[in-house]
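My entries follow the order in which I looked things up.

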Amino acid sequence: LNSSRCCREDAAPLVPLQGWNSRNYRFDNEDASEKDLDWPMHIYAYCSETFAVFPVKLEGQYYAVIVMFASEAKCSEYKFEMIIHDQNSEASESLSAVKFQGNPLSIDEKKEGLRLYGINGKLMTKILENSSQK
């Protein structure tokens with residue numbers, strides 16, 4: 001977890017703010033042609049539980065992953081809402097956005113199970129185009 005490619009936090013998990021917590025992820029134009037990409041994750045501590053939040057691109061599809069470091073039964077006690085939108089507008093005002101709601105995934109989930117909350121490449125391209133417009 002102390003690797004610069006793994007996590008943004010090198011000492012302790014972040015404590016989420018009340019309400020919405022926003023994270024921006026950098027995406028270069030040359031990355032668009034890559035079939036697989038990953039970004040360093042953010043680790044959060046909330047209600048004595050630990051969560052990892054990170055985006056990943058696998059086989060051209062984008063996924064937003066929220067993993068809880070607990071069993072599936074414990075994860076079912078929590079709910080989240082995540083909105084992927086362009087950087088230049090609020091989530092509620094974005095012209096191209098996608099919203100995910102559900103339970104965090106368990107750390108016990110098999111790797112293939114992390115591909116639950118996905119965005120196709122065409123929609124993500126539109127979101128990224130809106131982000132680059134000023």
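**Entry 1: the faces of β5**

Which residues of β5 make up its covered face, and which its uncovered one? I found Phe80, Met82 and Ile84 on the covered face, and Glu81, Ile83 and His85 on the uncovered one. Before going further I noted that this is a predicted model, in which local features need pLDDT of at least 70 and side-chain atom pairs count only at pLDDT 80 or more, while totals for chains, interfaces and linings use all residues. I also noted that residues are numbered from 1 along each chain as its sequence is written, and that side-chain values use heavy atoms, with hydrogens and water left out.

**Entry 2: β5 and its partner**

I looked next at the pairing of β5 with β6, where strands count as paired if DSSP finds at least two bridges between them. Six bridges join these two strands, and they run antiparallel. Ile83, on the uncovered face of β5, has Lys99 of β6 as its bridge partner. Lys99 also uses its side chain, which meets that of Glu81 in a salt bridge with an N to O distance of 3.7 Å; I count a salt bridge when a side-chain nitrogen of Lys or Arg lies within 4 Å of a carboxyl oxygen of Asp or Glu. Because Glu81 sits in β5 and Lys99 in β6 (residues 97-102), this pair ties together parts that are 18 residues apart in sequence. For accessibility I used relative accessible area with a 1.4 Å probe and protein chains only, calling a residue buried under 20%, exposed over 50% and partly exposed in between. On that scale Glu81 is partly exposed at 33%, and Lys99 is partly exposed at 46%.

**Entry 3: the other salt bridges**

How many salt bridges does the rule give? I recorded four. One of them joins Arg115 to Glu59, with 3.8 Å from N to O. Arg115 lies in the loop between β7 (105-106) and β8 (118-119), and Glu59 in the loop between β3 and β4 (61-68), so the contact ties together parts that are 56 residues apart in sequence. Arg115 is partly exposed at 35%, whereas Glu59 is exposed at 54%. I then found Glu77 bridged to Lys74, the closest N and O atoms being 3.3 Å apart. Glu77 is exposed at 55%, while Lys74 is partly exposed at 29%. Glu49 joins Lys74 and Glu77 in a network of salt bridges.

**Entry 4: β3 and its neighbours**

Why do I describe β3 as largely enclosed by the rest of the structure? Eight of its ten residues are buried, so the description follows from the accessibility values. Strand β1 (residues 37-38) is joined to β3 by two bridges and runs antiparallel to it, with Lys57 as the bridge partner of Leu37. Five bridges join β2 (residues 42-46) to β3, again antiparallel, and eight join β3 to β4, also antiparallel. I followed Phe51 across these pairings: Tyr44 stands opposite Phe51, and in β4 the bridge partner of Phe51 is Met68. β2 and β3 form a hairpin with two residues between them, and Cys47 in that turn has a positive phi of about 50°. The hairpin of β3 and β4 likewise has two residues between its strands, with Glu59 in the turn at a positive phi of about 50°.

**Entry 5: aromatic rings**

I listed three aromatic pairs, where rings of Phe, Tyr and Trp (its six-membered ring) pair if their centres lie within 6.5 Å, and planes under 30 degrees apart count as stacked, over 60 as edge-to-face and the rest as tilted. Phe51 is in β3 (residues 49-58) and Tyr78 in the loop between α1 (72-75) and β5 (80-85), so that the pair links distant parts of the chain, 27 residues apart. Both residues are buried. Phe80, Phe100 and Tyr117 form one aromatic cluster.

**Entry 6: cysteines**

I looked for disulfides, taken as cysteine sulfur atoms within 2.5 Å of each other, and the structure holds zero. Cys47 is partly exposed at 49%, whereas Cys75 is buried at 1%.

Conventions:
Helix = DSSP H or I, 4+ residues; strand = E, 2+ residues; numbered from the N terminus.
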